[in-house]
Amino acid sequence: MVFLYAFLIGGLICGIGQLIQDIFKLTPGHITGLFVVFGVLLDSFHLYDKLIDVAEAGALLPITSFGHSLVHSALEAAKADGWLGISGGIFSMTANGIVWAIVLSVIFGLIFKPKG
């Protein structure tokens, strides 16, 4: 049942993104930024953790999970170090993914020679 929920919730998130892109003629970059903000908003109202409990990977793989992770790491740093810890701790949960995205982008860019 977990796989079905992951498929349905992950597909719903992607389907919403596709609808927004088609209806409002937004670029994929706009959709990405919008979904990160949606993840932040859902986590601010303590809804994203409930979504993760139900859908697991279906909620953890879309870009909305990045916004969720940013809020969690910022709040943990604020609890530990006060308001000054937010700026240093905001990327603590997401730094590994950011680094790998950059490294793999450079490697694939060198291998496949993208048209620019």
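Q: Let me start with a detail. Does I90 count as buried, exposed or partly exposed?
A: Partly exposed, because its relative accessibility is 25%. Keep in mind that this is a predicted model.

Q: Where is I90 found?
A: I90 sits in the loop between helix 6 (85-89) and helix 7.

Q: And what is I90 in contact with, leaving aside neighbours within four places in sequence?
A: L70, S73 and A74.

Q: OK, zoom out. How many helices and strands are there in the protein chain?
A: Seven helices and zero strands. Along the sequence, the pattern reads α-α-α-α-α-α-α.

Q: What box do the C-alpha atoms of the chain fill?
A: Roughly 45 × 35 × 30 Å, taken along the principal axes.

Q: How much of the chain counts as buried?
A: 26% of the 116 residues. The accessible surface comes to about 8,200 Å², and 75% of that belongs to carbon and sulfur atoms.

Q: Now the inside. Which residues make the largest nonpolar core?
A: Nine of them: I9, I13, I20, I31, F35, Y48, I52, A55 and A59.

Q: Which elements give two or more residues to that core?
A: Helix 1 (2-24), helix 2 (28-44) and helix 3 (48-55).

Q: Let's stay with helix 3. Which of its residues are buried?
A: Y48, I52 and A55. They lie on the same side of helix 3, because they cover an arc of only 85 degrees around the axis.

Q: Why would residues spaced like that line up?
A: An α-helix has 3.6 residues a turn, so residues three or four places apart point the same way.

Q: What is on the other side of helix 3?
A: K50 and D53, and both are exposed there.

Q: What do the buried residues of helix 3 pack against?
A: Helix 1, helix 2, helix 4 (57-60) and helix 5.

Q: Pick Y48. What does Y48 touch, not counting residues up to four places away?
A: L42, D43, A59, T64, S65 and H68.

Q: Tell me about S65, then. Where is S65 found, and is S65 buried or exposed?
A: S65 is in helix 5. It counts as buried because its relative accessibility is 8%. Beyond its sequence neighbours within four places, S65 is in contact with Y48, A59 and L60.

Q: And H68?
A: H68 is in helix 5 too. At 8% relative accessibility, H68 counts as buried. Not counting residues up to four places away, H68 touches G39, V40, D43, Y48, D49 and I52.

Q: Where does S69 lie?
A: In helix 5, which runs over residues 64-81. S69 is buried, with a relative accessible area of 15%.

Q: What is S69 in contact with, neighbours within four places aside?
A: M93 and T94.

Q: Where is K25 found?
A: In the loop between helix 1 and helix 2. K25 is exposed, with a relative accessible area of 68%.

Q: And where does E56 lie?
A: E56 lies in the loop between helix 3 and helix 4, just after helix 3. E56 is partly exposed, with a relative accessible area of 39%.

Q: Last one, the surface. Which residues make the nonpolar patch?
A: V99, W100, V103, L104, I107, F108, I111 and F112. The patch comes to about 780 Å².

Q: Take I111. Where is its place, and is I111 buried or exposed?
A: I111 is in helix 7, residues 95-112. I111 counts as exposed because its relative accessibility is 52%, and the cut-off for exposed is over 50%.

Methods: Residues are numbered from 1 along each chain as its sequence is written. This is a predicted model: local features need pLDDT of at least 70, side-chain atom pairs count only at pLDDT 80 or more; totals for chains, interfaces and linings use all residues. Side-chain values use heavy atoms; hydrogens and water are left out. A nonpolar core is a set of buried Ala, Val, Leu, Ile, Met, Phe, Trp, Tyr and Cys residues joined through side-chain atoms within 4.5 Å. Buried means under 20% relative accessible area, exposed over 50%, partly exposed in between (1.4 Å probe, protein chains only). Helices (H or I, at least four residues) and strands (E, at least two) are DSSP runs, numbered from the N terminus. Contact means heavy atoms within 4.5 Å. Patches are made of residues with over 30% relative accessible area and no salt bridge: like charges are joined within 9 Å, nonpolar side chains (Val, Leu, Ile, Met, Phe, Trp, Tyr) within 5 Å. Accessible areas come from the Shrake-Rupley method with a 1.4 Å probe; for residues, only the protein chains shown count as cover. A salt bridge is a side-chain nitrogen of Lys or Arg within 4 Å of a carboxyl oxygen of Asp or Glu. The arc is that of the directions from the helix axis to the C-beta atoms.
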